[in-house]
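Try each task before reading its solution.

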Amino acid sequence: MNSSTFSRRRKAAAVKPTMKTPNRMNRNHTVICSSLLLAAFTGLVSVSFADELPKLKQKEHYKIGFAQTESNNPWRLAETQSVKDEAAKRGDQLVYTDAAGSAAKQVADVNSMIAQGVDVILLAPREEKPLVPAVMAAEKAGIPVILLDRRVDPVAKPGVDYLTFIGSDFVDEGKRTAEWLAKKMNGKANIIELQGTTGSSPANDRHTGFVEGIKAYPGMKIVASQSGDFARDKGRQVAETLLQAHPDANAIYAHNDEMALGAIAALEAAGKKPGSDVIVASIDGEKDGLQAIADGKLAVSVECNPRLGVKAFQVIDRYAKGEKIPTWVKSDDRLFDDANAKENVASAY
Ligand code: GYE
């Protein structure tokens with residue numbers, strides 16, 4: 001953060017002189033001021049700083065930016081639809097951009113929204129680190145940012161640099177998947193991990209959570225781990241290579257359903273039976289994923305709810321009214337396996 005940002009945002013809130021103040025009221029004012037200034041520099045006074053988020057005026061209708069990261073899977077399409085539906089319902093103007101899988105384009109998209117003077121920016125950051133400058137730029141321009149579905153690097157703080165994060169607990173998703181799989185495999189498995197987009201918060205956290213979850217089971221081992229970029233075909237290709245290199249693998253943990261479905265195709269192409277030869281576990285709960293559970297090919301999918309639009313607009317309303325917004329508006333996620341997948345196919349995305 002540069003020094004001008006610092007001085008704009010952090011204001012001296014309380015200056016308490018600890019030295020004797022002059023008792024004659026009309027004594028030279030400049031002497032007092034310069035004493036305080038000098039004292040501040042020499043550490044004789046206590047100065048506390050207040051952090052400020054950009055304010056939002058209450059309006060009948062807002063102009064809202066939504067910087068989406070890509071549109072290559074049902075999860076993302078469902079998320080975009082939920083934001084578009086809610087904006088339309090309220091008669092708000094939506095400035096929508098799709099970064100097509102490029103963090104650099106997404107930074108440019110946010111900058112263009114700043115230039116267009118949107119009231120609020122909803123940002124689904126592709127990766128944790130490259131999107132930090134975009135968050136800071138919006139904040140500097142006085143535009144509140146809400147992170148939707150993914151986080152940025154913790155150097156940017158919710159409630160300070162951006163308003164809040166709306167989304168799931170990815171560490172917990174990884175942990176729940178690990179625990180379910182450990183039970184299913186009786187604590188013993190050679191696991192291939194298909195990671196999400198490198199540098200994205202769900203990929204980082206789903207790995208961390210899974211590793212944490214299998215810690216209690218010394219027989220549960222990750223034998224190979226590689227990114228399939230959250231995409232079905234990439235997941236298929238990576239699974240194909242890793243299955244050849246690790247013929248002893250009997251479980252696959254995919255960071256999302258799309259890669260799990262790719263892995264299932266790779267297993268079938270290799271003449272292996274998903275669901276019996278190799279157990280596949282994943283996250284999201286999309287329609288094709290639930291159908292694959294109903295068909296006995298996918299074992300489990302921990303839900304990650306993409307329909308965040310309603311929550312996002314509710315947060316905007318509450319913030320404009322002056323309410324304090326929690327730093328994390330957490331999704332409540334279910335778990336789908338053969339006990340409940342079938343009945344949820346119709347309502348899935
Ligand atoms: O799981 C995946 C998508 O960011 C939580 O991104 C989201 C993830 C979701 O591409 O399918």
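## The shell around the ligand

**Exercise 1.** State how the residues of the shell around the ligand divide into nonpolar, polar and charged.

*Solution.* The model is predicted. Start with the members of the shell: Asn73, Trp75, Arg76, Asp149, Arg150, Phe170, Pro202, Arg206, Phe230, Asn256, Asp284 and Cys304. Now sort them. Five are nonpolar, two are polar and five are charged.

**Exercise 2.** Find how far the side chains of aspartate 149, arginine 150 and arginine 206 lie from oxygen atoms of the ligand.

*Solution.* Take the residues in turn. For aspartate 149, a side-chain N or O atom is 2.6 Å from a ligand oxygen. For arginine 150, the corresponding distance is 2.7 Å. For arginine 206, a polar side-chain atom lies 2.9 Å from an oxygen atom of the ligand. Next, check the cover. On its own, the ligand has 300 Å² of accessible area, and the protein covers 100% of it.

**Exercise 3.** Locate the ligand: which cavity holds it, and why does it lie between two domains?

*Solution.* First, the cavity: the ligand sits in the largest one. Then the elements: helix H3 (74-90) and helix H7 (201-214) each give two or more residues to the shell. Last, the domains. The ligand lies between domain 2 (63-168 + 306-332) and domain 3 (170-304) because both give residues to its shell.

Notes
Residues are numbered from 1 along each chain as its sequence is written. This is a predicted model: local features need pLDDT of at least 70, side-chain atom pairs count only at pLDDT 80 or more; totals for chains, interfaces and linings use all residues. Side-chain values use heavy atoms; hydrogens and water are left out. A residue is near a molecule or strand if one of its heavy atoms lies within 4 Å of it. A polar contact is a pair of N or O atoms within 3.5 Å; within protein, one must be able to donate a hydrogen and the other to accept it, and residues adjacent in sequence count only if both atoms are side-chain atoms. Accessible areas come from the Shrake-Rupley method with a 1.4 Å probe; for residues, only the protein chains shown count as cover. On a 1 Å grid over the protein atoms alone, a cavity is a set of points where a 1.4 Å probe fits but cannot get out, and a pocket is an open set with protein on both sides within 12 Å along at least five of seven lines; lining residues have an atom within 4 Å of a point. A molecule sits in a cavity or pocket if more than half of its atoms lie within 2 Å of its grid points. Helices (H or I, at least four residues) and strands (E, at least two) are DSSP runs, numbered from the N terminus. Ala, Val, Leu, Ile, Met, Phe, Trp, Tyr, Cys and Pro count as nonpolar, Asp, Glu, Lys and Arg as charged, and the others, Gly among them, as polar. Domain bounds come from an automatic or database domain assignment.
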